[in-house]
Amino acid sequence: MDVTQQRVSDIMDDYARQRDQNAMALKERKQVLYEKYPELAEIDLQMSQIGAEISKSILKKPQNIEIMLMELKASLEQLKKRRAMILINNKISPNALELTYKCDKCKDTGFTENNKRCSCFTQKLIQRAYGMSNIEKQLSVQNFEHFDLTVFSLEKSAKDAISQRDNMKQILSEAESFVQDFPNSQNLFFYGASGLGKTYLCNCIAKSLLDSGHSVIYQTPFSIINIIEKKTFTDKSNTFVQMAYAQLTEADLLIIDDLGTETPNSFTISEFYNIINSRILANKSTIISTNIKLSEISSFYNDRIDSRIKGHYKLLKFFGPDIRWEV
């Protein structure tokens, strides 16, 4: 089994485990609710018996099959209404007695009803390709829900027209609009010194879009260059590497965090330009964060990248005292 087949096999095993967890969680919810509300257990038993009767009626095919099915279905609807009222009256989720899924689109199978690969499957491939296995844990603490504007200074320096906190209010609004408008969002370019919340805000956006079922590549330039070099030089026959490279332009969102920490050369500069330009042409959103000054982009990379960023990205400057949010 080659690397690609092994990765796909591992992902399918993940889905199987998730479905087992879903079934176990439902069993546990039912046990708790049945003990507290015995009528629910009685209703579910009657519903299962009606379901069995419907199946028997279809197999037997008697002359009055249509009438019988109508009566059974009417009884089933009445039981469903009774069960729903018990749940509503006790402020219990209407899905408490149903299977719930991590991904509603594919019901944790990896494939949609038309047998196409689900976006969550693509995201699993991306996370394996780019070493993003711990991203969910990281994003569970760095997200819009935990974003705290009070850590930013209210002091206004002589060189800045507004305070750091007011500036972050504006940037936060832009980030929230980006998520709300996605996938028709303008590209974002976060720049400023380190320790000002650029990475944190990238995490907030990534978390929201991953939760809504979009595919996201969130990486440093080093990881992206690693995939590019494998695809071009060292591992170009590997279909998994080819897929990972293709996702740089195909993923719903590409986040390049800490652009400028790598050592650029003519090859990597050309590749980054191709990625940035291809995503612009394909109307695919990109977010870039960097410590490089806006005036230094052309000298660090080249005029073409400088032109694309300044002409196709919303430029958002972070300033103020170092808040050191990274955890």
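Two residues are in contact when heavy atoms of one lie within 4.5 Å of heavy atoms of the other. With that idea in hand, we can walk through this structure, which is a predicted model.

Let's start with Ile 11, which sits in helix H1. Leaving aside its neighbours within four places in sequence, Ile 11 is in contact with Phe 121, Lys 124, Leu 125 and Arg 128. Take Lys 124 from that list: 113 residues separate it from Ile 11 along the chain, yet the two C-alpha atoms are 7.1 Å apart. Is Ile 11 buried or exposed? The relative accessible area of Ile 11 is 0%, so this residue is buried.

Helix H1, which covers residues 3-36, also holds Gln 18. A residue counts as buried when its relative accessible area is under 20%. Gln 18 has 17% relative accessibility, and therefore it is buried too. Beyond the neighbours within four places in sequence, the contacts of Gln 18 are Lys 102 and Asp 108.

Next come two lysines in a loop. Lys 91 is placed in the loop between helix H3 (65-89) and helix H4 (119-129), and Lys 107 lies in the loop between H3 and H4 as well. As for accessibility, Lys 91 has a relative accessible area of 80%, so it is exposed. Lys 107 has a relative accessible area of 40%, so it is partly exposed.

Most peptide bonds are trans. Pro 183 belongs to the loop between helix H6 (164-181) and strand E1 (187-191).

Now for a part of the chain that has a label. Over residues 184-315, the chain is 53% helix and 19% strand, and the C-alpha atoms at the ends are 17 Å apart.

Lys 284 lies in the loop between H10 and E4, and its relative accessible area of 25% makes it partly exposed. The C-alpha atoms of Lys 284 and Asn 184 are separated by 8.3 Å, although the residues are 100 places apart along the chain. Not counting residues up to four places away in sequence, Lys 284 touches Asn 187, Thr 249, Glu 250, Ala 251, Asp 252 and Arg 279.

Lys 293 is in the loop between strand E4 (285-290) and helix H11 (297-300), and it is exposed, with a relative accessible area of 53%. Lys 293 and Ala 251 are 42 residues apart in sequence, and their C-alpha atoms are 27 Å apart in space.

Gly 260 occupies the loop between strand E3 (253-259) and H10. Apart from neighbours within four places in sequence, Gly 260 is in contact with Pro 221, Ile 292, Phe 300 and Tyr 301.

How do helices H8 and H10 meet? The axes of H8 (residues 221-234) and H10 (residues 266-281) come within 11 Å and cross at roughly 100°. The two helices are therefore roughly perpendicular to each other. Among the residues making this contact are Ile 224 and Phe 233 of H8, and Phe 267 and Ile 275 of H10. By class, the contact has eight nonpolar, two polar and two charged residues.

Finally, let's look inside. In soluble globular proteins, nonpolar side chains tend to be buried together. The largest nonpolar core here has 70 residues, and those touching the most other members are Tyr 130, Phe 190, Leu 201, Ile 205, Leu 253, Ile 287 and Ile 305. Helix H7 (residues 198-211) gives the most to this core, with eight residues. There is also a second, separate core of 14 residues, including Met 47, Leu 79, Leu 87 and Ala 96.

How values were computed: Residues numbered from 1 in each chain as written. Heavy atoms only, no water. Core = buried A, V, L, I, M, F, W, Y, C linked by side-chain atoms within 4.5 Å. Buried < 20%, exposed > 50% of the residue type's maximum accessible area, 1.4 Å probe, protein only. Helix = DSSP H or I, 4+ residues; strand = E, 2+ residues; numbered from the N terminus. Axes fitted to C-alpha atoms, helices over the stretch in contact; angles between N-to-C directions. Parallel < 35°, antiparallel > 145°, perpendicular 65-115°, else oblique. Nonpolar A, V, L, I, M, F, W, Y, C, P; charged D, E, K, R; others polar.
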